[in-house]
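Subject: Structure for your files

Dear colleague,

Here is the structure I said I would pass on. My notes on it follow below.

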Amino acid sequence: MPDTLEKEVQVNKKKVGIQPIVRYRNISKSFGDLEVLSDINLDIAPREKVAIIGPSGSGKTTLGRLLMTLEEPTSGTIEVDGELLWHRKAKGKLVRANEHHLHRMRGNIGMIFQHFNLFPHMSILRNVIEAPIRVQDMEREEAIERGMLMLDKVGLAEKLDVYPAQLSGGQKQRVAIARALVMRPKVMIFDEVTSALDPELVGEVLEVIKEIAEEGEMAMMLITHEMDFAREIADRVIFGDGGYIVEQGPPSEIFGNPQSERLQSFLTRFRSQEGN
Ligand SMILES: Nc1ncnc2c1ncn2[C@@H]1O[C@H](COP(=O)(O)OP(=O)(O)OP(=O)(O)O)[C@@H](O)[C@H]1O
Ligand SMILES: [Mg+2]
């Protein structure tokens, strides 16, 4: 693209503005006296892949759980695709949204946890189709068709009829990914999805996540200790500590040229652990 045209496109983009798919506005979250998140502002663009890194206890999971509607913010708002998640406006004031609204909004968001939480008494296929049928009123036929497609995507087309206990940890986690994908979320949160796995099973799960990321359809929030992975697939890395976003930027900057003392020492500690 010629320089002048490129500039014009940039200017137009700014004028039109891209509506973020996720917008945290002045979000604080406390558990009792402990403030875990302090006035967080964070926009995630459609299709953007954001990695969240930071020390244990810095509020990474809480950030994801607020978006998944598993924890309620103490103050502030979250918007998903331009719509308030936890609130609605009534007579110009913000009031808490009802369960019906939360339920509907939740359909836009998928979350994969460290522990897979599969239903042990259901086959793999049933694990994957249960939510779309019950929560999204998807026709059974369509759910089966989509479920099979998603299981194929995560490399488990052969395992439709088996039960979770018959799968390895890596396979279970891939089922959990298929189960989230089948709902067509606009944003997926991956919370340390490989940290409970035996080391030899980590690669297959990261590979699946990478493929989904490359398809590029959804925004992703990757809470991770896998720094190489974050570097490889994230558009932006966010380093949080003490309830604040301390530093953020492209992976090359965050890992290659960390500015704050806190990020520098986090990365140094991390690298020395890796080296052991
Ligand atoms: N439901 C809860 N009740 C009370 N305290 C909580 C609750 N959930 C989280 N916390 C506390 O909030 C802080 C942040 O927890 P969070 O799980 O968000 O951290 P994290 O960054 O995900 O840590 P890790 O890297 O260990 O997973 C911790 O001190 C934790 O003990
Ligand atoms: Mg966590």
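Ligand 1 has Phe31, Val36, Gly54, Ser56, Gly57, Ser58, Gly59, Lys60, Thr61 and Thr62 around it; a residue counts as near a molecule if its C-beta atom, placed from the backbone, lies within 6 Å of it. By type, the shell holds two nonpolar, seven polar and one charged residue. Here Ala, Val, Leu, Ile, Met, Phe, Trp, Tyr, Cys and Pro count as nonpolar, Asp, Glu, Lys and Arg as charged, and the others, Gly among them, as polar. The most residues in the shell, three, come from helix H2 (residues 60-67). Helices (H or I, at least four residues) and strands (E, at least two) are DSSP runs, numbered from the N terminus.

On provenance: this is a predicted model, in which local features need pLDDT of at least 70 and side-chain atom pairs count only at pLDDT 80 or more, while totals for chains, interfaces and linings use all residues. Residues are numbered from 1 along each chain as its sequence is written, and chains are lettered from A and ligands numbered from 1 in the order in which they are written.

Next, the strands. An open sheet is formed by four strands in the order S2-S1-S4-S5, with antiparallel pairing; two strands pair if DSSP finds at least two bridges between them. Strand S2 (34-44) and strand S5 (83-84) are at the edges with a single partner strand each, so one side of each has no neighbour in the sheet. Strand S1 (residues 22-31) is joined to S2 by seven bridges, and Ile27 is opposite Ile40 in S2. Ser30 has Glu35 as its bridge partner in S2. The hairpin of S1 and S2 has two residues between the strands, and Gly32 there takes a positive phi near 60°. S1 also runs antiparallel to strand S4 (residues 75-80), with five bridges; one of the residues involved is Arg23, whose bridge partner in S4 is Glu79.

Lys29 belongs to strand S1. Is Lys29 buried or exposed? Lys29 is buried, because 22 other C-beta atoms lie within 10 Å; the cut-offs are 20 or more other C-beta atoms within 10 Å for buried, 12 or fewer for exposed, and partly exposed in between, with C-beta atoms placed from the backbone. Leaving out residues up to four places away in sequence, Lys29 touches Val36, Leu37, Thr62, Leu66, Glu71, Pro73 and Thr74, where contact is C-beta atoms, placed from the backbone, within 7 Å.

Strand S3 (residues 49-53) pairs with strand S11 (residues 236-241) in the parallel sense over four bridges, and Ile52 has Ile238 in S11 as its bridge partner. Ile238 in turn has Gln248 in S12 as bridge partner; S11 and strand S12 (residues 244-249) are antiparallel, over five bridges. S11 and S12 make a hairpin with two residues between them, and Gly242 in the turn has a positive phi of about 60°.

Last, helix H5. Its buried residues are Ala143, Gly147, Met150 and Leu151. Seen down the axis of H5, they fall within an arc of 100°, so they line one face of the helix; the arc is that of the directions from the helix axis to the C-beta atoms. These buried residues pack against helix H4 (124-135) and helix H6 (169-181).

Regards

How values were computed: Contact = placed C-beta atoms within 7 Å.
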